[in-house]
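Subject: Structure handover

Hello,

The structure we spoke about is below. My notes on it follow.

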Amino acid sequence: MRQTYQVVYAQYASLEALPPEDQQLVAAARGALSLAYTPYSGFCVGAAARLSNGAIVCGANFENAAYPMCLCAERSTLAAAISRHPDACVTDIAVAAATKGQLTNTPATPCGACRQVLYEAEQKFGRPIRLILQGKDHSLLVFERASDLLPLAFGSEALGSI
């Protein structure tokens, strides 16, 4: 039997088409680009998370000469949010990526490891995390749940009874 997996998202041509609170979150993600440490690739990623208590927490990627040791913006942002506000849920995350000071032409999607961590965060919070991705000329993609980017996710049910 063949199955189909479909990803549903909204695409916006301008930042102004988003609600003001989403514009604020995207601006925070863009501001976090300056926090990125990228001496090897020059590929900067900034992220901003909105929490259920109204707080906004930012993070950025941090490269390492031993590439597998790098930390992505999405994961650093989630870790900061959970550490600073352990009783709040992450409701939305905005991500912006840039090279040479310019936003990437198309919105950068989270890497596989970040998709898995976002999926696990949705399980922890018991609710979806809305994901807003920005590209050049304010092109934006909005996913109602981050887990939509990870079909057939590996979850706790796969561990069985340990």
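Where is Y67 found? Y67 sits in the loop between β3 and α2. Please keep in mind that this is a predicted model.

Aromatic pairs

The structure holds 3 aromatic pairs. One of them is made by Y40 and Y67, with an edge-to-face arrangement: the centres are 6.2 Å apart and the planes are at 65° to each other. The angle counts as edge-to-face because it is over 60 degrees. Y40 belongs to the loop between α1 (20-32) and β2 (43-51), while Y67 belongs to the loop between β3 (56-60) and α2 (73-84), so the pair ties together parts that are 27 residues apart in sequence.

Surroundings of Y67 and Y40

Apart from neighbours within four places in sequence, Y67 has contacts with Y40 and S41. From the C-alpha atom of Y67 to that of Q11 the separation is 32 Å, and these two residues are 56 residues apart along the chain. Y40 has a relative accessibility of 43%, so Y40 counts as partly exposed. Both Y40 and Y67 belong to a nonpolar patch on the surface, together with Y37, F62 and L71. The accessible area of this patch is about 530 Å².

D22

Is D22 buried or exposed? D22 counts as buried because its relative accessibility is 2%, and the cut-off for buried is under 20%. This residue is part of helix α1. With neighbours within four places in sequence left aside, D22 is in contact with R50, R130 and I132.

Regards

Note on methods: Residues are numbered from 1 along each chain as its sequence is written. This is a predicted model: local features need pLDDT of at least 70, side-chain atom pairs count only at pLDDT 80 or more; totals for chains, interfaces and linings use all residues. Side-chain values use heavy atoms; hydrogens and water are left out. Rings of Phe, Tyr and Trp (its six-membered ring) pair if their centres lie within 6.5 Å; planes under 30 degrees apart count as stacked, over 60 as edge-to-face and the rest as tilted. Helices (H or I, at least four residues) and strands (E, at least two) are DSSP runs, numbered from the N terminus. Buried means under 20% relative accessible area, exposed over 50%, partly exposed in between (1.4 Å probe, protein chains only). Contact means heavy atoms within 4.5 Å. Patches are made of residues with over 30% relative accessible area and no salt bridge: like charges are joined within 9 Å, nonpolar side chains (Val, Leu, Ile, Met, Phe, Trp, Tyr) within 5 Å. Accessible areas come from the Shrake-Rupley method with a 1.4 Å probe; for residues, only the protein chains shown count as cover. A salt bridge is a side-chain nitrogen of Lys or Arg within 4 Å of a carboxyl oxygen of Asp or Glu.
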